[in-house]
Amino acid sequence: MRLILTFYCAFVLFGLVSNGIASDPHEKKRTNIVVFLVDDLGWTDVGCFGSSFYQTPNIDRLAKRATRFTSAYSTCQVCSPTRASMLTGKYPQRVGITDFINPGGGNQPEKWNRKTEFLPASYQDHLALSEMTLAEKLKENGYATFFAGKWHLGDKGFWPEDQGFDINKGGIEKGGPYGGKKYFSPYDNPRLTDGPDGEHLPDRLATEAAQFIADHKTQPFLTYLSFYSVHTPLMARKDLKQKYEDLKSRVRIAGPIWGREEPRKFRLVQEHAVYAAMVTAMDEAVGKVIDELEKNDLLESTMILFTSDNGGLSTSEGHPTTNLPLRAGKGWIYEGGIRVPTIVHIPGLPRPDSVCDTPISSVDYFPTVLDLAGISNENLGLDGESILPLLRGESQARKPIYWHYPHYGNQGGSPSAAIRDGEWKLIQWLETGQYSLYNLSKDTGEQNDLVDDHPDVVQALSEKLQEWQKDVGAKPLTRRVK
């Protein structure tokens, strides 16, 4: 009789475990994921990356517990392609989104009205539902998924809730907060209810993210806070604007404020009070989410990624920031357009407050998250590679990183492609087929073109670039018919 009871108890226990009523008390909870994706934030726009003017105490506090990647790159010099890469782990060319999505299609070749010798390449105006997104993959594996802020990857039917996110707060087709009072409520956003009149958008998005974390603290979650900040329109809270106007009045600027990156002028000095206020408001929002993690004792079971979708806006639209010592900014293939401030925190980081100069790319975050969560990336066709070895303080050989932008940037940049391999960066100018070569270990500002001095390097890198372009289906420019 005792033997029968033993078997019966074992059978009941197995049934309870199988149905999720009981579980192994030693089973390790999966790592939570928090992503902070800032729009148009330049490489030196935060304190821990060397800002001379903007104050970002919360981001700096995060960096003290994390790794700063000083050679982190976006996969494009404008927003939508990078956003697609982060969500799919693929280069923009594979998913067909190679320029920012314009709801009116004004940058598609059939509507192109600028006087250029070539027509830009066509591209998709939405992220295909057939693509496996990070949210979908995590959701498959028991994660609760949340999105807040800027989406810019397609119109209704292709919004975050159609791409694996359980909750969408504010993610629509538009690339900026262009409805209502823009950065202040009422927002006139079909995916974000209005708050009290004058409520500030960065704080509202952070409040939504913090609430989601509090509501899902007992299960693994993905919280994807994709700021509209610090994209135009240049608008700020009055208190923060006044703070920086006062600070600016006390700062003595030695030398010129403006330089030239033909055909545009660009800012040389960080001193734009409204932009500075926008950066600090974004920083406060980051702090609110991190505080919620700490309040719920979740920080040490959470991966936090902080990054930008492209370089800072320095050559147009108010010229609000500078990316020096990097060259140019948003819309350009130079370092100022594609090198972005990036901070990664993982549980049990062996070397907090560390710096890594190994190049990484937006395509690397998807495989890194899966690696950390113990989820296979088999058959996903990812272009990126996990950077967990780097986060653990190990050396890691880096594959080349690539770009291909067959478009004309609104900020003055030309159609271009590029490869970074070790210390070398080769740029291909798509209108002429000519190349520029820079040694980034000696010339971060890309002032000394070595294309004539190292023909062997140009040959080797151009072959790799061409092979990659063929592999991802990179589209060419089309010469206008006169």
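How many of the residues of strand 10 (residues 302-308) are buried? In this predicted model, seven of the seven residues of strand 10 are buried, and the strand is mostly covered.

Strand 10 has a pairing partner in strand 1 (residues 32-38), to which seven bridges join it. Strand 1 and strand 10 run parallel. Two positions illustrate this pairing. F36 has F306 of strand 10 as its bridge partner, and V38 stands opposite S308 of strand 10.

In general, the strands of a sheet pair through backbone hydrogen bonds, in either a parallel or an antiparallel manner.

These pairings are part of an open sheet formed by eight strands, whose order is 6-5-7-1-10-11-2-12. The pairing in the sheet is mixed. Its edges are strand 6 (167-169) and strand 12 (354-356), each of which pairs on one side only. From one strand to the next, the twist averages 15°. Helix 6 (residues 201-215) packs on this sheet and touches strand 1, strand 5 (144-149), strand 6 and strand 7 (221-226). The direction of helix 6 makes about 180° with that of strand 7.

A further packing arrangement involves two helices. Two packed helices are described by the angle between their axes and the distance between the axes. Helix 7 (residues 238-250) packs with helix 8 (residues 273-295) at an angle of about 125°, and their axes are 8 Å apart. Because of this angle, helix 7 is oblique to helix 8. The crossing of the two helices is right-handed.

On the side of helix 7, the contact is made by L240, K241, Y244 and E245. These residues meet A273, V274, A276, A277, T280, A281 and E284 in helix 8. Grouped by class, the contact of helix 7 with helix 8 has seven nonpolar, one polar and three charged residues.

Definitions and conventions: Residues numbered from 1 in each chain as written. Predicted model: local features only at pLDDT ≥ 70, side-chain atom pairs only at ≥ 80, totals over all residues. Heavy atoms only, no water. Buried < 20%, exposed > 50% of the residue type's maximum accessible area, 1.4 Å probe, protein only. Helix = DSSP H or I, 4+ residues; strand = E, 2+ residues; numbered from the N terminus. Pairing = 2+ DSSP bridges. Axes fitted to C-alpha atoms, helices over the stretch in contact; angles between N-to-C directions. Contact = heavy atoms within 4.5 Å. Parallel < 35°, antiparallel > 145°, perpendicular 65-115°, else oblique. Left-handed = near helix turned anticlockwise from the far one by under 90°. Nonpolar A, V, L, I, M, F, W, Y, C, P; charged D, E, K, R; others polar.
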